Amino acid sequence: MTRGASRWRGVARSLFSRPSGAIGATLVLAHVALAVASPWIVPYDFKAISAAMILDAPSVAHWLGTDQLGRDVLTRTAMGGRQAIVVTAIATPLAVAWGGILGIWLGLAGGRLDDVLMRVVDAFLSLPWILKMLLIIVTFGAGIGVLVPTLAFFYGIPVIRIARAATHGVVARDYVLAARARGHGRPAIILREILPNVLDALMVEGAMRWSWMLLAFSSLSFLGFGVSPPTPDWGLMIADARSFMAIAPWAGLAPVVALSSLIVGINLAADALAKALGVDRAAAPVH
Amino acid sequence: MGEPPLIQVSALRVGFASRSGRVVEVLRGVDLEVRRGETVGIVGESGSGKSTLLLAAMGYLKRGLRTIEGSARFDGTDLLSLPRHELERIRGRRLALIPQNSGQSLTPNLRIEAQVAEVLRLHGTRPAGQNRERVRELLAQVRLPDPDAIARRYPHELSGGQQQRVAIAMALAGEPEALLLDEPTTGLDVTTQAHVLDLLSDLAAQLGTTMVYVSHDLGAIARVCARVAVMYGGEIVLDGDARRVLVEPAHPYARGLLASIPRLAGGALPAALEGRPPEPGGAGPGCAFADRCALAIDACRTTRPALAARPDGTLARCLRPDAVADLAPRAGARAAPDASTHDRGQALALSRLAVSYARQGLVDQLLGRPAGGPRTVDGIDLALREGEAVALVGESGSGKSTILKAIAGLVPRADGTIALGDGIALAPDVARRGPGELRAVQLVFQNPDESLNPRHDVATILAQPLGLYFGLSGEALRRRSVELLEQVRLGAHYLDRLPAQLSGGEKQRVAIARAFAAAPRVVLCDEVTSALDVSVQAAVLALLDALRRDSGTTFVFVSHDLAVVRAIADRVAVLYQGRICELGPVGAVYASPSHPYTEALMAAVLDPVPGARPRLLADDVQESAPPAQGCPFQRRCHRRVGDICATDAPPAREAGDGHVIRCHIPVEELRALQRAEAPGHGRR
């Protein structure tokens with residue numbers, strides 16, 4: 001598949017040649033690199049508490065100051081994305097995969113099943129996501145084993161719509177008709193004729209879902225339903241530092257900047273990816 | 001020559017900057033002068049720059065294009081350097097454009113009256129109080145029946161031909177000195193096209209309006225224009241009187257182009273122009289046509305010829321114009337219809353085939369009744385012998401593509417049977433057909449851009465049928481794929497190309513190779529050449545004919561182009577509203593088209609002969625549904641005999657040699673009528 005490889009090289013080149021793509025992708029890659037390498041490069045132990053250094057201002061020893069337990073904010077911020085990135089990086093492809101396959105299937109099959117399932121999807125989307133997720137977490141607990149499938153399930157639902165809409169643009173094409181006329185079965189048509197043509201839309205959608213999922217994960221932590229202390233996590237750190245915002249803004253600011261820079265980075269990169277792939281994101285429905 | 005030209009394009013070079021920063025020239029130094037009252041046609045194949053030239057003549061360049069050099073003057077003013085507000089005073093008022101697809105250029109939510117009146121408000125020459133009458137006057141001028149009723153309608157309530165007339169009326173609203181037409185009849189049916197062209201040529205004569213007419217269709221140009229310019233590779237290669245350019249062109253490309261057009265009177269396969277036109281910016285230092293030219297000498301590849309005057313008054317861009325006359329007219333290599341197919345076995349039989357798109361209502365469903373209303377396609381009886389090529393001909397909405405889809409099992413049939421030669425009945429739904437039946441029937445679609453998956457390279461495209469029907473993989477798959485590519489005159493190096501990297505003709509060859517990969521018994525071709533340029537079309541037609549001869553495959557061609565059908569088919573079935581009007585050997589049907597509809601259809605065909613004037617027999621109303629009973633053509637027929645046409649289905653009358661005509665008038669009488677009233681009929 002040399003042609004395919006060269007297309008992706010072209011897309012990557014086009015992605016990095018746009019300012020939004022270059023900035024976004026750099027931010028994302030930097031965050032991922034930091035998440036991987038942080039345990040070895042951070043200056044302090046993330047759970048070392050010190051009664052003598054509670055809410056110290058930034059200094060040479062603690063560049064970003066210390067938190068309410070005297071822990072180093074730089075260390076905790078650097079490591080605070082690890083859980084979020086790992087969980088969402090596993091859940092996003094899962095969400096895109098199941099939502100994408102079901103959406104393509106419905107788009108191709110149409111008929112009653114399509115009508116019924118899409119109304120179910122509508123109903124699901126009309127409920128606030130946080131209620132549905134809290135219900136599951138309260139029932140099953142907040143481990144990674146619960147969070148990953150929960151996020152993947154809920155964030156796959158809007159993907160169904162995107163994949164179905166993208167499929168509708170393809171099923172009417174003569175090459176799908178030609179495949180039907182040859183006698184190919186539905187799985188072969190989905191895999192070979194439709195998937196390559198809706199993959200672009202799904203990839204952009206996946207990037208967007210990733211940033212939404214990060215936000216959701218951090219929100220859960222913030223509410224106390226995600227990562228449990230003393231593991232450092234941005235959502236948790238923001239929640240802890242919230243009460244001291246007036247006297248020690250550094251403790252809250254650092255995780256906020258970290259989380260927003262990653263989300264902004266993903267959004268910028270997704271936007272540039274959409275342009276590089278030729279997918280019109282302005283025309284895509286947003287959920 | 002005293003008066004300065006109305007439109008004067010001089011040394012115009014237009015281009016865009018490519019990704020690598022190189023300037024790609026779309027127009028490479030075009031000179032064109034149009035005097036007041038002249039009608040000039042610009043012909044060329046896709047990518048020749050003809051539309052860019054036309055738009056530049058009204059001071060417009062598409063996004064990304066810019067002027068490198070030269071000017072486009074209108075009455076002395078260079079429009080390309082004119083500020084926008086001054087352009088707006090000229091466009092629409094003194095210079096009007098009629099675009100190709102007028103149905104899409106009309107606003108769908110405004111009545112026709114409002115749209116025409118809007119142009120009058122902007123560019124009208126009379127007081128606003130008279131706008132109402134003026135709208136009706138304009139609609140009458142473009143020969144719309146009952147202008148009052150038309151003015152109150154919305155665009156979707158008009159047929160394609162009527163929409164095109166409204167666009168013409170809007171262009172005429174400002175009483176412009178010059179009309180620019182961009183493929184104004186492309187996409188219209190033959191009979192409708194003949195009517196619109198008739199109108200345009202009358203308008204030119206009555207109003208003395210200057211016209212510049214861009215088209216790929218030499219027949220349409222011949223009908224309207226007195227002067228013709230031929231474009232190739234972004235430059236004008238021949239410019240002169242239509243009688244000279246269309247009969248004895250002094251340029252090898254123009255000659256090749258003329259030869260590649262199938263003629264109604266001909267019957268032979270047209271001669272193909274080998275090679276492909278240069279991509280924009282791809283022409284070398286020499287003549288753009290040198291690579292495809294039979295007369296090319298070494299100088300042609302190094303020296304770019306200038307547009308020079310010839311003794312016959314035309315301007316030609318050729319280094320060896322005197323040699324052009326000696327170019328042997330290469331006749332197509334097609335023998336007469338194979339007589340030997342007569343004793344061959346049957347390949348495909350349609351019997352009483354009917355298709356209905358009408359939806360079953362709830363009451364019908366409960367009572368188990370079929371859907372009401374006349375069927376879209378009905379009573380199709382057709383038997384094809386092995387190796388035979390039968391064409392289904394008709395205008396849009398005649399049901400010809402529906403019949404193909406029913407054979408392929410993509411459209412449910414309401415009635416009738418479809419059987420392969422040895423009596424194997426084909427299931428109505430393709431999903432219920434066995435592997436052997438699937439393999440036996442293959443489809444080639446109209447537009448290869450649509451029928452080839454843009455994400456698959458050629459190897460993957462060919463691997464689909466080869467893997468599905470023969471289980472080929474690895475080296476065997478590759479070997480067979482290369483064999484197929486060679487069969488369609490493409491090489492092994494095409495295997496790893498994507499459709500976007502192929503030209504239109506190459507894509508269609510790949511689509512044909514994919515159909516032949518199944519080693520089918522019957523190949524269904526749906527307008528397979530209508531998306532291609534004429535010179536490419538000729539090559540694809542020759543390829544299909546050769547494949548048929550070599551493989552003995554049976555072909556069903558669907559086409560709206562009567563000349564193409566004449567060149568490629570053995571027998572022809574003329575369809576109107578999903579019913580067969582006339583069926584017979586190509587020679588017999590074309591020599592004496594007897595059914596009134598066939599007669600009207602044939603008379604409307606445009607051959608690229610200067611002064612040819614198609615006869616307008618039936619009106620150009622489009623019907624959306626067949627009549628409930630009687631003859632399908634009853635409402636438009638110019639030979640309607642009376643109530644019997646509306647009540648009884650016409651009988652099938654034999655005219656010998658399998659030639660069948662379905663009409664209430666006996667064949668002899670029909671022919672006598674034709675002879676009596678059409679003295680000019682001898683032109684065919």
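I looked up the bridge partner of B:Asp182 and found B:Val214, in strand 8 of chain B. I work from a predicted model, where local features need pLDDT of at least 70, side-chain atom pairs count only at pLDDT 80 or more, and totals for chains, interfaces and linings use all residues. Residues are numbered from 1 along each chain as its sequence is written, and chains are lettered from A and ligands numbered from 1 in the order in which they are written. Strand 7 (residues 178-182) and strand 8 (residues 210-215) of chain B pair in the parallel sense over five bridges. I take two strands as paired if DSSP finds at least two bridges between them. Helices (H or I, at least four residues) and strands (E, at least two) are DSSP runs, numbered from the N terminus.

**The sheet.** I traced an open sheet of eight strands in chain B, with mixed pairing and the order 6-7-8-3-9-10-12-11. Strand 6 (95-98) and strand 11 (308-309) of chain B are at the edges; each has a single partner strand, so one side of each lacks a neighbour in the sheet. Helix 7 (residues 160-172) of chain B lies across strands 6 and 7 of chain B, at about 170° to strand 6. Axes are lines fitted to C-alpha atoms, for helices over the stretch in contact, and angles run from 0 to 180 degrees between N-to-C directions. Contact means C-beta atoms, placed from the backbone, within 7 Å.

**Helix pairs, chain A.** I checked helix 4 (residues 82-109) against helix 7 (residues 144-171) of chain A: their axes come within 5 Å and cross at roughly 35°. Their contact has 23 nonpolar, eight polar and two charged residues. Ala, Val, Leu, Ile, Met, Phe, Trp, Tyr, Cys and Pro count as nonpolar, Asp, Glu, Lys and Arg as charged, and the others, Gly among them, as polar.

Next I took helix 9 (residues 186-222) and helix 10 (residues 234-241) of chain A, which pack at about 40° with axes 7 Å apart. The contact includes A:Phe222 of helix 9 and A:Trp234 of helix 10. I count six nonpolar, four polar and no charged residues there.

**Between the chains.** I found 19 residues of chain B in contact with 16 residues of chain A. On the chain B side, helix 17 (448-451) and helix 18 (458-470) give two or more residues. Helix 18 of chain B has the largest share, three residues. That side divides into ten nonpolar, four polar and five charged residues.

Terms used
Two residues are in contact if their C-beta atoms, placed from the backbone, lie within 7 Å.
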